[in-house]
Amino acid sequence: MFIHGNFNDHWIWEEQLDALAHCNYVVAYDLRGYGRSHTPRNPFSNVDDLKVLLDSLELSKVNLVGSSMGGSVAIDFTLAYPDRVHRVILAAPSISGRNYPASMLWQGIKQHLQVKLNGCEKAVEAFITNPYWRYFFPDVKKEKAWLKTVGNVRNPGNFCRFPPGFSRVFKPYAINRLEEIHKPVLIFIGECDHSYNRETAEILHTGIKNSTKIVMQDCGHLPFIEEPETFSSHVKEFLR
């Protein structure tokens, strides 16, 4: 079960779905407020949404693969419903209960303000060209990866459609409960990702006993796009 992060939708996992589908039943879906999903009008829980999806598909137990914010959803779901999870794979994950740096929060607020002031299309282009978010995008030398990331971000369905406060987070926060996670966990982090994200990966690796951390060289925040074959190879080996 593939869970995308902020500014993305399920299509971001296309290469991983292709790589794993021959020996697995694979599912990628749009989180509420992204891609083809409805725009939230009221508070909601991504963990509750995922449980409803699994129940609807009659999937009693799954492997979870989460990117960035989707990694936080995977962690929270594992804590809430450990019997529904085999293994967890995290790519540059966030984690509930860890405060973002003030600069990152301000940049996020600016995105929403720019949508209101200038419209979605201009706000997206400002995001893509903003030097602060350089770690989010592959180097332009990796043309295929860069085009895929930018193309996904430019989908207006993926950009600042609802107030972030609508997405409710389970409490107590995951950062204070890592010792409760006993499932095997594989953590990917890009060598060139933001220092906050690299520190988060290390906190998870230290706090989760049965975890492995892989640093993807010359990669930023979306290593599975920059080096899809390497990423999928590690995932296959982990699932075996």
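**Figure 1. Surface and overall dimensions of the protein chain.** The protein chain has an accessible surface of about 11,700 Å², and 52% of this area belongs to carbon and sulfur atoms; areas were computed by the Shrake-Rupley method with a 1.4 Å probe, and for residues only the protein chains shown count as cover. The model is predicted: local features need pLDDT of at least 70, side-chain atom pairs count only at pLDDT 80 or more, and totals for chains, interfaces and linings use all residues. Residues are numbered from 1 along each chain as its sequence is written, and side-chain values use heavy atoms, with hydrogens and water left out. The C-alpha trace spans about 45 × 40 × 35 Å along its principal axes.

**Figure 2. Secondary structure and burial.** Nine helices and eight strands make up the secondary structure of the protein chain (DSSP runs numbered from the N terminus: helices are H or I, at least four residues; strands are E, at least two). Of the 240 residues, 50% count as buried (under 20% relative accessible area, with exposed over 50% and partly exposed in between; 1.4 Å probe, protein chains only).

**Figure 3. Packing of helices H2 and H3.** Helix H2 (residues 46-56) packs against helix H3 (residues 69-80) at an angle of about 70 degrees, and their axes are 9 Å apart. Axes are lines fitted to C-alpha atoms, for helices over the stretch in contact, and angles run from 0 to 180 degrees between N-to-C directions. H2 and H3 are therefore roughly perpendicular to each other (65 to 115 degrees; under 35 is roughly parallel, over 145 roughly antiparallel, the rest oblique). On H2 the contact (heavy atoms within 4.5 Å) involves Asn 46, Val 47, Leu 50, Lys 51 and Leu 54; on H3 it involves Val 73, Asp 76, Phe 77 and Ala 80.

**Figure 4. Surroundings of Met 216.** Met 216 lies in strand E8 (residues 211-216) and counts as buried at 3% relative accessibility. Beyond its neighbours within four places in sequence, its contacts include Phe 188, Ile 189, Pro 223 and Thr 230. The C-alpha atoms of Met 216 and Thr 230 are separated by 8.8 Å, and the two residues are 14 residues apart along the chain.

**Figure 5. Surroundings of Asn 152.** Asn 152 belongs to helix H6 (residues 143-153) and is buried, with a relative accessible area of 2%. Not counting residues up to four places away in sequence, Asn 152 touches Phe 7, Asn 8, Asp 9, Trp 11, Ile 12 and Asn 158.
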